[in-house]
Amino acid sequence: MLDRLRVTLARDTDRPAVLGSTRTGRARLRATRGQLHDLTEGYARALHHRGLRAGDTLGVAAIPGPAALALMLAAHRLGLRTAVLDPQAGPDVLLARLRLAEPALVVADGAAQALASWAAPLARRVHLALPPLGDLAPVATLGRRWPGSAPALTVPSGPPPPIFEGDGDAVIVFTSGTTSSPRAVVHSRASLDAGMQAVTELVRPDAGSPVAGGTFFVLAPALVAGAPVAMPAGNPRTLARQLAHLRPQATYLTPPELRAALDAGTRFTGRVYSGSAPVSAALLSRVRDAGADEAWGVYALTEVFPAAAVESRAKIAYDGDGDLLGAPLPGVSARLDAGGVLELRAPQMCDRYLGAPPHEWVSTGDIARLETPHLVLSGRAKDMILRAAENIYPGLYEPSLHVPGVALALLVGIPAHDNDETVAAVIELSPGASEAGVRAALRAPLRRMGDARPDHLVFAPVPTSGRSRKPDRAAASALAARAVR
């Protein structure tokens with residue numbers, strides 16, 4: 001698909017490719033298809049001129065946008081593998097990841113380099129940090145240089161380098177692990193292509209109107225179809241105005257982004273997709289009420305993207321225990337191990353973890369049931385709560401806590417004596433909702449929870465972490481422990 005994208009960008013060169021937004025939400029052209037094509041070819045010459053060859057690793061630390069997208073397309077053109085560096089991981093973790101990935105070159109924009117040097121004290125206040133990027137590899141600057149930036153990634157003249165053909169590593173994405181043992185997911189060119197094909201079949205983009213989303217898996221299929229892509233505004237109120245002006249055919253936002261957008265009064269059009277964290281039926285219902293024709297919850301892992309999907313109508317109608325994930329997407333096989341943990345195999349499955357043998361199946365770490373043709377999630381194996389010798393899987397019960405007035409709810413364990421735990425529900429209220437009203441609405445769901453009924457209800461914003469702002473269970477447990485102390 002990325003090879004096809006490179007060819008299609010060279011056609012209809014004046015048509016918009018990447019859109020941003022002004023503060024009023026109106027569309028702002030950031031790159032035409034021709035400009036994106038020229039950037040890609042220029043960066044390919046620049047990387048080749050720097051001596052990078054097929055199989056080398058390119059570290060990338062850049063704000064999503066036309067330049068970062070073109071750089072990744074250029075790396076793919078040359079057969080490089082791209083390692084994406086996340087400034088929210090912390091400098092020690094990032095250094096460990098850099099050592100594991102062994103990049104031949106790190107390309108970073110001026111903002112990323114500032115985070116690693118003179119702007120580090122300011123960045124730490126908002127939980128961003130990068131190590132000195134030049135400690136383990138040469139550094140080049142993408143785009144405008146800031147004070148103290150490395151030399152620019154200059155584009156030399158001359159003919160374009162040869163196009164790499166065949167398979168091999170395409171991208172490294174770090175998901176978890178420790179400084180001593182980082183976990184790096186390696187996708188091959190074949191699995192990356194299969195993942196984008198699966199997104200294309202799910203999202204069904206056409207050339208008629210924009211697609212709103214900031215992830216590579218959303219951008220590339222939309223651009224191949226001829227649709228312009230709009231980078232969602234970070235401010236929820238600006239995002240509301242942006243979507244009102246654009247009226248996109250499809251929108252992808254994470255659940256926290258969706259909740260913030262809805263709270264800001266956003267109206268949706270077309271199809272809306274959400275994933276990277278649990279997507280409740282209540283949230284999808286709110287999206288439909290806000291104008292979306294369809295609202296989809298997408299079950300995806302870094303290792304298998306995407307794996308399953310469910311539309312709001314089916315999710316709302318499901319009255320069984322647990323969280324309905326929907327049917328596996330075409331080509332995805334599912335099974336349970338002896339402990340009930342879901343395992344997946346698919347063309348879009350990653351090849352391996354860096355330094356480990358290739359996968360036969362990927363363990364999701366999720367406790368699940370197979371209710372043909374659907375998958376039903378009971379909870380994360382590592383999130384299991386042990387209370388009075390009872391194993392409690394939060395994902396089995398959390399959907400029932402999302403009554404009207406609840407924006408987000410987590411069931412967490414609080415350490416008690418003798419390795420036992422007490423159970424708390426951390427409940428974040430929707431704007432305008434009252435604690436008394438939600439307590440009343442929760443009475444019936446709590447009665448039905450039986451032995452899993454929480455010992456404490458804690459009303460507070462649910463802590464989140466990471467780039468996608470996933471609910472942070474460890475932080476929620478600590479919050480609950482302080483609240484009931």
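Buried means under 20% relative accessible area, exposed over 50%, and partly exposed in between, with a 1.4 Å probe and protein chains only. Helices (H or I, at least four residues) and strands (E, at least two) are DSSP runs, numbered from the N terminus. This is a predicted model: local features need pLDDT of at least 70, side-chain atom pairs count only at pLDDT 80 or more, and totals for chains, interfaces and linings use all residues. Residues are numbered from 1 along each chain as its sequence is written, and side-chain values use heavy atoms, with hydrogens and water left out.

**Strand β3**

Strand β3 spans residues 57-61, and five of its five residues are buried. In a regular strand, side chains alternate between the two faces of the sheet. Both faces of β3 are covered. Thr-57, Gly-59 and Ala-61 are buried on one side, Leu-58 and Val-60 on the other.

Two strands pair if DSSP finds at least two bridges between them. β3 pairs with β4 (residues 81-84) in the parallel sense, over four bridges. Here Val-60 has Val-84 of β4 as its bridge partner. β3 also pairs with β5 (residues 105-109), again parallel and over four bridges. Leu-58 has Leu-105 of β5 as its bridge partner.

**Aromatic pairs**

Rings of Phe, Tyr and Trp (its six-membered ring) pair if their centres lie within 6.5 Å; planes under 30 degrees apart count as stacked, over 60 as edge-to-face and the rest as tilted. A search of the whole structure finds two such pairs.

| Pair | Centre to centre | Angle between planes | Class |
|---|---|---|---|
| Phe-217 and Phe-305 | 4.6 Å | 35° | tilted |
| Tyr-273 and Trp-296 | 6.3 Å | 15° | stacked |

Phe-217 lies in helix α8 (residues 216-224), and Phe-305 in the loop between β13 (294-299) and β14 (308-311). They are 88 residues apart. Both Phe-217 and Phe-305 are buried. Tyr-273 lies in strand β12 (residues 271-274) and Trp-296 in strand β13, so this pair ties together parts 23 residues apart in sequence. Tyr-273 and Trp-296 are both buried.

**Cavities and a pocket**

On a 1 Å grid over the protein atoms alone, a cavity is a set of points where a 1.4 Å probe fits but cannot get out, and a pocket is an open set with protein on both sides within 12 Å along at least five of seven lines; lining residues have an atom within 4 Å of a point. Grid points are joined across faces, edges and corners, and a volume is the space filled by probe spheres set on the points.

There are three cavities of 30 Å³ or more. The largest cavity has a volume of about 110 Å³. Its lining includes Tyr-273 and Phe-305. α7 (189-203) and β11 (250-252) are the elements that give two or more residues to this lining.

The second largest pocket has a volume of about 340 Å³. Of its 19 lining residues, the closest to its centre are Arg-30, Ile-63, Gly-65, Pro-66 and Ala-67. The elements giving two or more residues to this pocket are β2 (27-32), α2 (33-49), α3 and α5 (110-115).
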